[in-house]
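I am opening my notebook on a structure that is new to me. Let me jot down what I look up as I go.

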Amino acid sequence: MAFSLSFVYIFNIVITIIMSHFGQFHARTSLNVLSFGAKPNGVVDSAKAFSDAWSTACGVEDSVVINVPRGRYLVGGQVRFEGESCKSREIILRIDGTLIGPQDYKLLGKEENWFSFSGVHNVTVLGGSFDAKGSSLWSCKANGYNCPEGATTMRFMDSYNVRIKGVVSLNSQLFHIAINRCRNIKIEDVQIIAPADSPNTDGIHIQLSTNIEVRNASIKTGDDCISIGPGTKNLNVDGITCGPGHGISIGSLAKDIKEEGVENVTVKKAVFVRTDNGLRIKSWPRHSNGFVERVRFLGAIMVNVSYPILIDQNYCPGDSSCPSQESGIKINDVIYSGIMGTSATKVAIKMDCSERFPCTKIRMQAINLTYYGDTAKTSCTNVSGKQLGLVLPNGCF
């Protein structure tokens, strides 16, 4: 009898602990931006409502969902989501509506960012469309007027454990999504859309960050679909469709003499459609202590792409006031494997490496690129490595 009572007592304690933990894990406070004054009519500026909802969420010692119902929400200026003083265990920003920028590009263009997340952790941005209405600013720049630089649509700084899922970014004034000084970031199932002639509208820019994943993204823009800057480490890119755009680029590097390196980058199953470049590494012809090491480009399809494979260590867009030095960026241990399709230029593989620091341990295998049904060509300078299996056009080695 005593044994039975003891067993029941212990069993009840265990169940209580499990249920308590389960309840804590699933406990979640729900907030609605409409309660903070947001208006889904696309007319009333809802920027303050978003800021107030975030501030309230940060004061809750629990998991919080900030709901943005269907509708069009005018957000007329920068919204800052600060995380350093947040008490919440987790914040989910669930967006079912569309956030639109102001018609007057100057209101947003004078800001560095539209939505900035600084020092946040355990944050998810789920769904929603961000339409920055950047076309009027691009037109201003095209006409040579005195225009502001423009705002990045969504920037994460000094943050960790962040997930961006199902977001649509339209017509950003500048970069669409930027990741700076972050770790453990997942970007998945996003769509990025801007015209081919929209200036400096990089789809996803990453720098000074580690343990980043980008999966299942469709990126159509006027600059690099993904740009990978100095200090990027442990980056996985998987299942990207790019075009129009400038391709997936490591760099540009060697902007500064002292610069962190790029290492452990893997790009898998990318599709490039009529892009200016495919898989590119670029650095300015300037002395620098930076480097690129352990990069894997695996399983890419090229459709009428100019320069499907490109290393350019004499990068200088516009060819004005170019540095006259040899690039100090050391490029080592890069694998190109399973890359096929068509090139829009006769030279499908171009490797213009630094004379001072030649590219080393470049390996190519299972490459099949053609130029309008004919054999494409390879151009290589200051590069060494290996060729394994079928490589068409003939590799550099």
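I started with the sheet: 11 strands form an open sheet, paired in parallel, in the order 5-8-11-14-17-19-21-24-27-29-32. Strands here are DSSP runs of E of at least two residues, numbered from the N terminus, and two strands pair if DSSP finds at least two bridges between them. At the edges I found strand 5 (79–82) and strand 32 (377–381), each pairing on one side only. From one strand to the next, the twist averages 15 degrees, with axes fitted to C-alpha atoms and angles running from 0 to 180 degrees between N-to-C directions.

A note on my source: this is a predicted model, where local features need pLDDT of at least 70, side-chain atom pairs count only at pLDDT 80 or more, and totals for chains, interfaces and linings use all residues. Residues are numbered from 1 along each chain as its sequence is written, and side-chain values use heavy atoms, leaving out hydrogens and water.

Next I looked at one pair: strand 11 (residues 152–157) and strand 14 (residues 177–180) run parallel, joined by 4 bridges. Met 157 has Asn 180 in strand 14 as its bridge partner.

Then I turned to His 246, in the loop between strand 20 (233–242) and strand 21 (248–253). I see that an unreviewed UniProt entry annotates His 246 as "active site"; such annotations may be inferred rather than shown by experiment. His 246 is partly exposed, at 22% relative accessible area (buried is under 20%, exposed over 50%, partly exposed in between, with a 1.4 Å probe and protein chains only).

Last, I checked Asp 238 in strand 20, which is buried at 11% relative accessible area.
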